[in-house]
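User: I am new to this structure. Please take a close look at the side-chain links that tie its chain together, and walk me through them one by one.

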Amino acid sequence: MKLTFTLFFFFMSSQSTLFADATFAKKADERSKIGPTFSAPVLFENNLYFVATTGVLFKINPALSNPEVLFTGKKQSISSLALSGTQVFWGEGLHEDKTSKLRSFDLKTKKLVSETTVDGHIERGPLIHDNVLYTGLGAGGVAAFKLNPLTKIWQTKEANGKALHSDGNILFVDNKVCTTSVYTFKAVVCFDVTNGKVVNSFSLKKSPKSEIASSNSLIVGYATEANLSETKKWDTKADLYVIDLKNNKITFEKELRGYNFFAPLIVGDLAYVTLSTGDFITVSLKDSSIGYIGEFAEPFINNPFIYKDNLCAIGIMGKFMCYSRNKNGPGIINDSRFMETTIGKISSLGGKFYAPSRMGYYIVE
């Protein structure tokens, strides 16, 4: 995603180690070998695996020490890994790349299993379902592949006569694979898993640039024309949209006074929403009503998460705030700061939360 990647490196290169704490300093030499990360790692046999934005596949222990280089790609990558058995699958390439690679690597043998050249680029992690891999290919649309070796089953480049541009994540919802399309065709699109035929498409007013989440038959995400290379426009608006796939309709598009490039956290009938304006709110998936949780002193465009049963989020410059979940309404439980820039996806693995940084990851605690 060009817009995310641009700002990611703006902040990664400008962050100073002047504010580093003791833990950061102790591991600085090891972490400097990794470089910036954006996507969530995966856990396999008590070790973490991830691809840094440099295109290098790493193995590291849960304490974030002893990084090991397993494979070095030739292009940059912001794709997360998809784990299936002992193998991980991922793609490479950024917005300008017309062709790129899709790869599989065996974590047991530490060898590349298969790779294939694809039209376009892969900016989000692929989805594996019933031994088939599905991925967006940017301007190449959406495609499905057999796993071993990686062999294309189908590729769809158009929907409703318009060109697909898929830089989003893939979901399996109601026996279909669904993703987003930006630029020429602004929509959420769902495909027949067997042949790639478009079976549902939902046109939106703005480009659905965020990841999407699902709850039962609902698909939820943000649509915005924001561009993260324009760092002064944090108040650019976004529409939180909810699609009812079972009834084949858009339930609502709720305009918000900020944006995010990761999906909201969905718990029950509520979407927990964090925005570039610093707002932390809830939006009802039933009637689009808004509830207030809190406000940040800085923008954030990553995902909110539940940590120690509290609602938490991290700002782009490390502001860490958590709010209690109780009947009397949210109250501040934590108000602190990590001395690291955080812009990518925060994930929970093995009971720990990991946040991407300019030098690998750090543990949220």
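Analyst: Start with one bond. Cys 178 and Cys 190 are joined by a disulfide, with 2.1 Å from S to S. The term disulfide means a pair of cysteine sulfur atoms within 2.5 Å. Cys 178 sits in strand 16 (residues 176-181), and Cys 190 sits in strand 17 (residues 187-192), so the bond ties together parts that are 12 residues apart in sequence. Strands here are DSSP runs (E, at least two residues), numbered from the N terminus. The link of Cys 178 and Cys 190 is right-handed, with 110° about the S-S bond. Both Cys 178 and Cys 190 are buried.

A word on the source. This is a predicted model, in which local features need pLDDT of at least 70, side-chain atom pairs count only at pLDDT 80 or more, and totals for chains, interfaces and linings use all residues. Residues are numbered from 1 along each chain as its sequence is written, and side-chain values use heavy atoms, with hydrogens and water left out.

How many disulfides does a search of the whole structure find? It finds two. The other pair is Cys 312 and Cys 322, whose sulfur atoms are 2.0 Å apart. This link is also right-handed, with 115° about the S-S bond of Cys 312 and Cys 322. Cys 312 belongs to strand 28 (residues 310-314) and Cys 322 to strand 29 (residues 319-324), so this bond ties together parts that are 10 residues apart in sequence. Cys 312 is buried, at 0% relative accessible area. Cys 322 is buried too, at 2% relative accessibility. With the bonded cysteines of the protein chain numbered in sequence order, the pairing reads 1-2, 3-4.

Now the charged pairs. Side chains of opposite charge can pair when their charged atoms come close. The rule for a salt bridge is a side-chain nitrogen of Lys or Arg within 4 Å of a carboxyl oxygen of Asp or Glu. By that rule, the count is 17 salt bridges.

One of them pairs Asp 97 with Lys 75, and their closest N and O atoms are 3.6 Å apart. This pair links distant parts of the chain, 22 residues apart. Asp 97 is in the loop between strand 6 (87-91) and strand 7 (99-106), while Lys 75 is in the loop between strand 4 (68-72) and strand 5 (82-84). Asp 97 is partly exposed at 22%, and Lys 75 is partly exposed at 26%.

Another salt bridge brings Asp 119 and Lys 157 together, at 3.7 Å from N to O. Asp 119 lies in strand 8 (residues 111-119) and Lys 157 in the loop between strand 12 (151-156) and strand 13 (158-159), so parts 38 residues apart in sequence are tied together. Asp 119 counts as partly exposed, at 36% relative accessibility. Lys 157 does as well, at 43%.

Arg 325 and Asp 309 also form a salt bridge, at 2.6 Å from N to O. Arg 325 is in the loop between strand 29 and strand 30 (332-337), and Asp 309 is in the loop between strand 27 (305-307) and strand 28, so the pair ties together parts that are 16 residues apart in sequence. Arg 325 is partly exposed at 33%, and Asp 309 is partly exposed at 48%.

Definitions and conventions. Helix = DSSP H or I, 4+ residues; strand = E, 2+ residues; numbered from the N terminus. Buried < 20%, exposed > 50% of the residue type's maximum accessible area, 1.4 Å probe, protein only.
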